[in-house]
Amino acid sequence: MKLFKIRGGVHPDDRKKLSANKAIEPMPMPKLLRIPLQQHIGAPAEPVVRKGDKVLKGQLLADSKSVISAAVHAPTSGQIMAIGNYMAPHPSGLPIRTITLKPDHDDRWIELPAEVDPFTLTLDEIVKRVADAGIVGMGGATFPSAVKLGLRKRYELHTLVLNGAECEPYLTCDDRLMREQADDILDGIRIMMHALQVEQALIAIENNKPEALAAMREASSGFNKIKVINVPTRYPMGSEKHLVQTLTGKETPARALTADIGIVVHNVATAHAVHDAVRFGRPLISRVVTVSGGAIQQPRNLHVLIGTPVQDLLDYCGGFLEQPSHILSGGPMMGHPIPDTKVPVIKGFNGVIALTAKETAIRPPMPCIRCANCVTACPCGLVPLEMAARARNGDLQGAVDLGLMDCIACGSCAYVCPAHVPLVQYFNYAKGELTLRQRAEHKQAETKRLAEQRAVRIEHQKKAKREAMMRRRQEAARKKAAAQTTETEV
Amino acid sequence: MKITVPIIGGPYTHETSSINRLMLWVMLALLPVTAYGLYLFGWPAIFLFTVTVLTAIIAEALSLWIARRPIKPFLLDGSAVLTGWLLALTLPPWAPWWVGVVGSLLAIVIGKQVFGGLGQNLFNPAMVARVALLISFPLQLTTFVAPHPLFAAGSPGFMDSLHVTFGHAAQLDGISSATLLGHIRTQLSQGIDLSKALLNQPSLTQLLWGNTAGSMGETSALLILAGGLLLLARRIISWRIPVAMLATVAVLATIMHMLDPLRYPDAAYHLLSGSLMLGAFFIATDLVTSPVTGKGQLLYAVGCGLLIYVIRSWSGFPEGVAFAVLLMNALTPLIDYYIKPRVYGRTHRGEPIQYADEATSKKS
Ligand code: SF4
Ligand code: SF4
């Protein structure tokens, strides 16, 4: 298949060798699981269990109550120790609502429905099963997958793209999953194709993963609507919109979804979860996590229950070779530092990466020397140096005018900047600040609207009162007049 | 409102690049032509080069100290050394020491620090100094000597050379020699056409190797090209500026030469003489003062080439690289303002792309 070029991009050292040849291994059962109620984009799930309850593996712990949300299930059987606040696996480390589960080590499943043939289900039933299983985008985006599978209702779709690019350095969890469980992934893909009613599926894999490529090719042979495509290794190939452009040559219009050009993108690990959920009714309670980085004693790919503390993973991998300078969730390009190793693994964690100072290569920032490396590297056609200059001076509108909202925060610009200008930090700051301001403005507008409504209401009441008074007076006057007439008549 | 950058935000890996590495590569690229220039013009050139570079470093340190900015990181970035270095390469090799001192002071203080230091200057500092010197001290800046290679017979020794650089300059009269461009200019103004003016002048091969009178680091087109290719290979500069600039001059020279071969030298003479090569690979490509987009760079380089040709052919000055680059530097902000890459998912005018053929796939 003819591929299309994307602009910009970078070639970071992929460092995948550290863990690529380690088969996925299950972790021993942790002592405690901490299961946050918001592991996805959207509203937090609402708990349906109470402290002290005994739960079975796969039992619903918290339900999604709004359109964009995802349910949360018990990763093993045990007792609910607490429902409270716990440090979030997010750079801020702010507490979020979390259920603490003490495993009973029986690992007893809740009664699961009998295996079904997904192709006998209605499309809505499939989407419902995916929603009930609490599946979210497992490439790190954590958008509720059921919502994406329901896009058929609003868009004419023709293609499902499976993102197996795994373009972030170090990460090998998707690679391993494709090598080891290609058939299950393929089943998931077929189920998703059915749910979306698309004509074809394209599985995109970067060419630095020949084994995964071969495995997926073999699994998909015989399905002529499913093609495995070898895409060039280049960051950010895994960016949804850029992957679609590579495959189709089409850019997704600004501020729109890939669905606007008829394409839906899902991660390969998500396909695997869909297979489990739709065929067997098993909810998403675990995932594969790559533990790697130069500071890790034995890099590995682990099959981890959601809620397992990061510290357990690190311990299982033999701890540190040297004190890491950063521990990240996700890859080094777009991952986030975790505030503490006691935070739990959540559905969107594809890696725990402990980097040495040498690997992060962080240097004190110097002034921009206008070398234009960032301009060349930006896959979105932006001029990062100027956006950053505006953001630094607090000119947020200026940054927006230059395309801040089209920036996908991929970090290619900062990666190549010889002055080590923290470009992405400026962009993140500006985006955050804008959201805050918009919220504040919204609030202000809302207050104004309410005040106006109130004024109108009061005005109405006054008017009504006045009219009532007038009426009463007139009435009184009429009565009086009538009385007078009667009097005169008398 | 200034912000303090929060400590979070990626990426947590980085290409092995830094400003000093970049500057070091540029210096490495300049090394062959510099070494050759120093050899070709002997001790006086070595003295002038040393004085110029040292002054640049001292001026940078003093400026930083006065502005209360951290001295060490900025001195170590190598930009001041490079500015002094480039300036020295454009000076007549036997110019007196104070030309280098004044030049470096102008370059660093007026050309760079007044604008706010590294990355903030609008104009190429070395060219600011070069033009200021040319206007203030035309005699010293246009007195060139024929090659006097180090240790060759007839070349001044160490002590004599101290006199050349640090003594009173008058004694150069006897051995001064015009550059090719200067010579052509004078001859043409005296009504002598090129068929005669070019007799007994350096041949093209000589210009290529650089064994001629000229500025310290501008004579050898070949060695400059070698350095330029290194920068291209390291992707420190893009091909756009040198190629577009040289091509513009070449095309104009060819056209004019065809129209009037007796007044306008052909493209080869233009390309191989004067500051054009150094300008195209090392001066106009200065990162800070050239546009940041590909198209912008093309426009800028064509502008430089055009101005150089015009100044060389029809102005009172035999050479125009410095003027041309400064003029185009002044336009750089404008070029960067108007020429921007097309943003992903948008048309050139910034509207979201609309696919006419299949409408959008949104179901109504
Ligand atoms: S890469 Fe860095 S130094 Fe170069 S232009 Fe961009 S921000 Fe400036
Ligand atoms: S982070 Fe934004 S500006 Fe930087 S390269 Fe990526 S898309 Fe471009």
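This is a predicted model: local features need pLDDT of at least 70, side-chain atom pairs count only at pLDDT 80 or more; totals for chains, interfaces and linings use all residues.

Reader: How many helices and strands does chain A have?

Author: Chain A has 15 helices and 17 strands. Its C-alpha atoms fill a box of roughly 115 × 65 × 50 Å along the principal axes.

Reader: What share of chain A is buried?

Author: A residue is called buried when its relative accessible area is under 20%. In chain A, 54% of the 490 residues are buried. The accessible surface of the chain is about 21,800 Å², and carbon and sulfur atoms account for 53% of that surface.

Reader: What do the contacts in chain A say about distance along the sequence?

Author: Take the contacts between residues at least 6 apart in sequence: 74% of them join residues at least 24 apart.

Reader: Now helices. Which way do residues on a helix point?

Author: An α-helix has 3.6 residues a turn, so residues three or four places apart point the same way. The next step is to ask how much of a helix is covered. Helix α4 of chain A, residues 173–180, is largely enclosed by the rest of the structure, because 6 of its 8 residues are buried. The buried residues include Cys173(A), Asp174(A), Asp175(A) and Arg176(A).

Reader: How many residues of helix α8 in chain B are buried?

Author: Helix α8(B), residues 180–189, has 8 of its 10 residues buried. Leu180(B), His183(B) and Arg185(B) are among them. The cover over these buried residues includes α9, α10, α13 and α15 of chain B. Just after the helix, Gly191(B) has a positive phi of about 85°.

Reader: What does a single residue in a helix touch? Take Ala414(A).

Author: Ala414(A) sits in helix α14 of chain A, residues 412–416. At 7% relative accessibility, Ala414(A) counts as buried. Leaving out residues up to four places away in sequence, Ala414(A) touches Val421(A), Leu423(A) and Val424(A), and also Pro11(B) and His14(B). The C-alpha atoms of Ala414(A) and Val424(A) are 6.5 Å apart, although the two residues are 10 places apart along the chain.

Reader: What should I look for in the backbone?

Author: Most residues other than glycine have a negative phi, and most peptide bonds are trans. Look for departures from that.

Reader: Where is there a cis peptide bond?

Author: The bond from Tyr235(A) to Pro236(A) is cis, with omega near 0°. Pro236(A) belongs to the loop between β11 and α7 of chain A.

Reader: What is the phi of His105(A), and is this residue buried or exposed?

Author: His105(A) has a positive phi, near 65°. It lies in the loop between β8 and α2 of chain A. His105(A) counts as exposed because its relative accessibility is 52%, and the cut-off for exposed is over 50%.

Reader: And what is the phi of Arg68(B)?

Author: Phi of Arg68(B) is positive too, near 55°. The residue is in the loop between α1 and α2 of chain B. At 76% relative accessibility, Arg68(B) counts as exposed.

Notes
Residues are numbered from 1 along each chain as its sequence is written. Chains are lettered from A and ligands numbered from 1 in the order in which they are written. Side-chain values use heavy atoms; hydrogens and water are left out. Helices (H or I, at least four residues) and strands (E, at least two) are DSSP runs, numbered from the N terminus. Buried means under 20% relative accessible area, exposed over 50%, partly exposed in between (1.4 Å probe, protein chains only). Contact means heavy atoms within 4.5 Å. Accessible areas come from the Shrake-Rupley method with a 1.4 Å probe; for residues, only the protein chains shown count as cover.
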